[in-house]
Amino acid sequence: MSPAVLHWRGILVPFITPWSSEAAPPPPVVVRYGVGGTGLGYADEDSRFDRWNDALWVRAPATRGHGVPRFAGIHALRQRQAMRRELCQVCGRPTFGTLPGERSLYLLGARDGDPIREEETTQAPPVHAACALLAIRECPHLRRGWAAALVQYAPAWGVAGILYDPATLAPLPGPAGAPDGLVEVPYIDEPRMRWVLAAREVVRLHGVEAVTDLEALAGEVRCG
Ligand SMILES: [Zn+2]
């Protein structure tokens with residue numbers, strides 16, 4: 001398979017990377033009085049677009065390929081789409097059914113030699129084997145270390161976002177060392193889910209089998 005990867009000035013730009021044209025000032029948040037209690041909301045909220053699984057989501061214009069890529073960021077909408085639809089985090093095409101056994105491949109960076117663990121949660125969408133090889137060759141943060149695994153299923157677990165103080169509506173600092181200062185909140189934690197502004201979908205990985213030879217795995221990929 002020849003993945004539809006995007007480059008900018010010769011640099012690989014993953015599907016979930018945001019571009020400068022996609023930056024938008026966040027709308028002010030308000031207290032929303034809904035069924036079952038109060039929570040965070042937008043004054044001009046449209047639940048069809050602003051909510052997913054009851055969580056309030058950051059608004060993310062989608063104009064991929066325009067402007068300059070912001071490699072340090074993650075585009076909230078494309079990340080969520082990739083998680084929900086099993087799209088490749090590098091090229092954006094479907095990954096389902098591209099590997100033997102209908103498992104999905106996950107590639108996580110900066111592991112310090114740690115393998116991906118059973119029932120680990122992650123904000124990283126799946127990836128094609130060929131795209132994983134490409135990303136390892138071209139992405140600086142993966143050159144510093146990575147771990148890969150085949151996963152049987154990855155159900156939605158929760159979101160990563162910014163928690164707001166219900167009393168002051170001020171954003172609360174995230175946990176030390178967390179990527180982008182985001183806190184992970186499971187869907188079952190309904191009280192905190194009401195006060196989080198979600199920026200990433202989080203899944204939990206089940207049926208994990210470590211992959212060390214991505215070249216061999218890419219050779220097994222079914223085409224078409
Ligand atoms: Zn891909």
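## Report on the predicted model

Glu-119 is placed in the loop between E7 and strand E8 (121-122). The model described here is a predicted one. Although Glu-119 is not a glycine, its phi is positive, at about 65 degrees. Glu-119 counts as exposed because 10 other C-beta atoms lie within 10 Å, and the cut-off for the exposed class is 12 or fewer.

A positive phi is also found at Asp-54, which is not a glycine either; the value there is about 75 degrees. Asp-54 belongs to the loop between strand E5 (51-52) and E6. Asp-54 has 14 C-beta neighbours inside 10 Å and therefore counts as partly exposed.

**Phe-15**

Another loop residue is Phe-15, located between strand E2 (11-13) and strand E3 (29-34). Phe-15 counts as buried because 24 C-beta neighbours lie inside 10 Å, where 20 or more are required for that class. Leaving aside residues up to four places away in sequence, Phe-15 touches Arg-78, Ala-82, Leu-87, Cys-88, Gln-89, Val-90, Cys-91 and Gly-92. The C-alpha atoms of Phe-15 and Arg-93 are 9.0 Å apart in space, while the two residues are 78 residues apart in sequence.

In soluble globular proteins, nonpolar side chains tend to be buried together. In this model the largest nonpolar core comprises 51 residues, and those with the most contacts inside it are Leu-105, Tyr-106, Leu-107, Cys-131 and Val-196. At least two residues of this core come from each of strand E6 (55-57), helix H2 (76-85), strand E7 (104-109), helix H3 (129-138), strand E9 (146-153), strand E10 (156-163) and strand E12 (196-204). E12 gives the most to the core, namely six residues.

**The chain as a whole**

The protein chain contains six helices and 13 strands. Its radius of gyration is 18 Å, close to the 17 Å that the globule rule gives for 224 residues, so the chain is as compact as a globular protein of that length. Taken along the principal axes, the C-alpha atoms fill a box of roughly 55 × 40 × 35 Å. Of the 224 residues, 36% count as buried. Among contacts with a separation of 6 or more, 75% are between residues 24 or more positions apart.

How values were computed:
Residues are numbered from 1 along each chain as its sequence is written. This is a predicted model: local features need pLDDT of at least 70, side-chain atom pairs count only at pLDDT 80 or more; totals for chains, interfaces and linings use all residues. A nonpolar core is a set of buried Ala, Val, Leu, Ile, Met, Phe, Trp, Tyr and Cys residues joined through C-beta atoms within 7 Å. Helices (H or I, at least four residues) and strands (E, at least two) are DSSP runs, numbered from the N terminus. Two residues are in contact if their C-beta atoms, placed from the backbone, lie within 7 Å. The radius of gyration is taken over C-alpha atoms; the globule rule is 2.2 Å times the number of residues to the power 0.38.
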